[in-house]
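Here are my notes on this model, as numbered points. Please read them with the structure open.

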Amino acid sequence: MIRFAAIGHILGLFLTGLGATMLLPVLIATLTPGDDVRPTAYAFAATAGAGLLLWRGIPRPPSDLTMREGIFMVVAIWVAASLFGALPFLFTSQFSLTDAIFESASGLTTTGATILAKVEVLSRSVQFWRHFTHWLGGMGIVVLGVAVLPLLGLGGLHLYRAEFSGAKSEKLRPRITETAMALWRIYAAFTAIEFVLLMLAGMDWFDAACHTFSTLGTGGFSTRSDSIAGFHSPLIEYILIVFMVLAGINFTRHYLLFVDRRPGAVLGDPEVRAYAAVLAVATVAVTATLAGSMPLEPAFRAALFQSASIMTTTGFATADFELWAPVAHAVLFALMFFGGCTGSTSGGLKASRIVLLWNLVLRDLRRTISRHGVFTVRLGREVVQEKTVLAFVNLVYLALFVHVVASLAISATGVDLLTALTSVTACMFNVGPGFGSVGPAENYSHLPMAAKWLLSFCMVAGRLEFYTALVIFHPAFWKR
């Protein structure tokens, strides 16, 4: 059976840490003339207070978490983070309870879907928190905790595996704690570099910080209602393109490149090569559709920016791509499913899984031609075990099943079919903008309350790659 006391103790530790991060927007509110400190201060008090009550009030568990408890812990942390992360929004006058939780889940899962028509109505402190949730959720609240839990003997490896279900986790260090910390150091270094470059490109420190959080978390929230188009700066757009692409690459590859100095491990990685190739093809295809209506460089920049933004599931926009040709729509919609690399901050099905599925199709074609041959599925030079292939195929089936059911449920609330299909795609793959009435120039505020709750679930389920979020609903999960 699941030891709920143990989970309550650990959950308290995470909520205490989440509350501590709210001190940053409290500080900004204090230092900004005219900013209302109450929303973030109340949120800090409630979150940290609840966390301390659970952490200090429930005894520390005497042994490690089981895998089942680790899975439940991951889901509990994401749900609790979404609920308590909504408090700074809820304590303002712009959000209902449903909208606050939707915005919080969107931020922490790095989806970037918003209910705000004008983001400028928010105070600086709440704006900062809104973007900071992208940064926290990007590498993963759970992965951050992995660096702490093993020190307490609380089963960090189980949490690590549950967070990256279906992905090949490559341990760079002998201990999982050292692996997590190594990846966070790279994440922090990218953050500092992008922040400086955006300031040099013309952003003030606040815009630079907020967009850095959104870029590296591949989230897509912006301080301006027009998103990146509101800055009218090609240099800013190119800087964001570079860091969106970097954020969409497996962070273990960044470690091998920048720390171990092994460029061959990155350039020769089949997933990275597929990721780069698909981005290049998509950019060329979209550029071709735009070249007739604008000069070549702006067309190329718009195509590259939007392709990178959608493929990495960041969701920034420099144009209303719904006004582009239908061919461009088809390319961008396909990129929503493709996503970035495993072990990155982006969503989607992930490039390695798409490559594996393609290789699986090729293998079965060879089997059809040569029925007595023995064929394997490979990812690069590595032979992929059949059980791994089956797990990937089942994950795709599960994702498509959730997509169909959720789309039908959204349609049943009165939403048109195009909006229902693309809003589910955008939320479950953590992209943000879709098509129809949730396009890059629109928002999610007009959707019915039931649709917002369902899309919030899709965000969390997609961030946890479906199995971890859905397995707790299976009766066998709760049996001894």
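What share of the 480 residues of the protein chain count as buried? The share is 57%, where buried means under 20% relative accessible area, exposed over 50% and partly exposed in between, with a 1.4 Å probe and protein chains only.

1. Basis. This is a predicted model: local features need pLDDT of at least 70, side-chain atom pairs count only at pLDDT 80 or more, and totals for chains, interfaces and linings use all residues. Residues are numbered from 1 along each chain as its sequence is written, and side-chain values use heavy atoms, with hydrogens and water left out.

2. Overall fold. The protein chain has 22 helices and 2 strands. These are DSSP runs numbered from the N terminus: helices are H or I with at least four residues, strands are E with at least two. Along the principal axes, the C-alpha atoms fill a box of roughly 65 × 60 × 50 Å.

3. Contacts and surface. Take contacts (heavy atoms within 4.5 Å) between residues at least 6 apart in sequence: 71% of them join residues at least 24 apart. The accessible surface comes to about 19500 Å², and 69% of that belongs to carbon and sulfur atoms. Areas come from the Shrake-Rupley method with a 1.4 Å probe; for residues, only the protein chains shown count as cover.

4. The structure holds 12 salt bridges, each a side-chain nitrogen of Lys or Arg within 4 Å of a carboxyl oxygen of Asp or Glu. One of them pairs Lys452 with Asp99, with the closest N and O atoms 2.7 Å apart. Lys452 is in helix α21 and Asp99 in helix α6 (residues 97-108), so the pair ties together parts 353 residues apart in sequence. Both ends are buried: Lys452 has a relative accessible area of 6%, and Asp99 is at 12%.

5. Arg301 meets Glu237 in a salt bridge of 2.9 Å, N to O. Arg301 lies in helix α16 (residues 296-311) and Glu237 in helix α12 (residues 234-247), so this pair links parts 64 residues apart in sequence. Arg301 is buried at 12%, as is Glu237 at 7%. Arg301 also bridges to Glu297, at 3.0 Å between the closest N and O atoms. Those two both lie in α16, 4 residues apart, about one turn of the helix. Glu297 is partly exposed at 36%. Shared partners join Glu237, Glu297 and Arg301 into one network.

6. Two loop residues. Asn443 sits in the loop between α20 (417-428) and α21. Asn443 is buried at 13% relative accessibility. Beyond four places in sequence, Asn443 has contacts that include Thr114, Ile115, Leu116 and Ala117. Ala201 is in the loop between α10 (176-200) and α11 (205-216). Ala201 is buried at 18%. Beyond four places in sequence, Ala201 touches Ser233, Leu235, Ile236 and Ile239.

7. A nonpolar patch. Leu90, Leu97, Met449 and Trp453 make a nonpolar surface patch of about 390 Å². Patches take residues with over 30% relative accessible area and no salt bridge, joining like charges within 9 Å and nonpolar side chains (Val, Leu, Ile, Met, Phe, Trp, Tyr) within 5 Å. Met449 is in helix α21 (residues 449-463). Met449 is exposed, with a relative accessible area of 55%.
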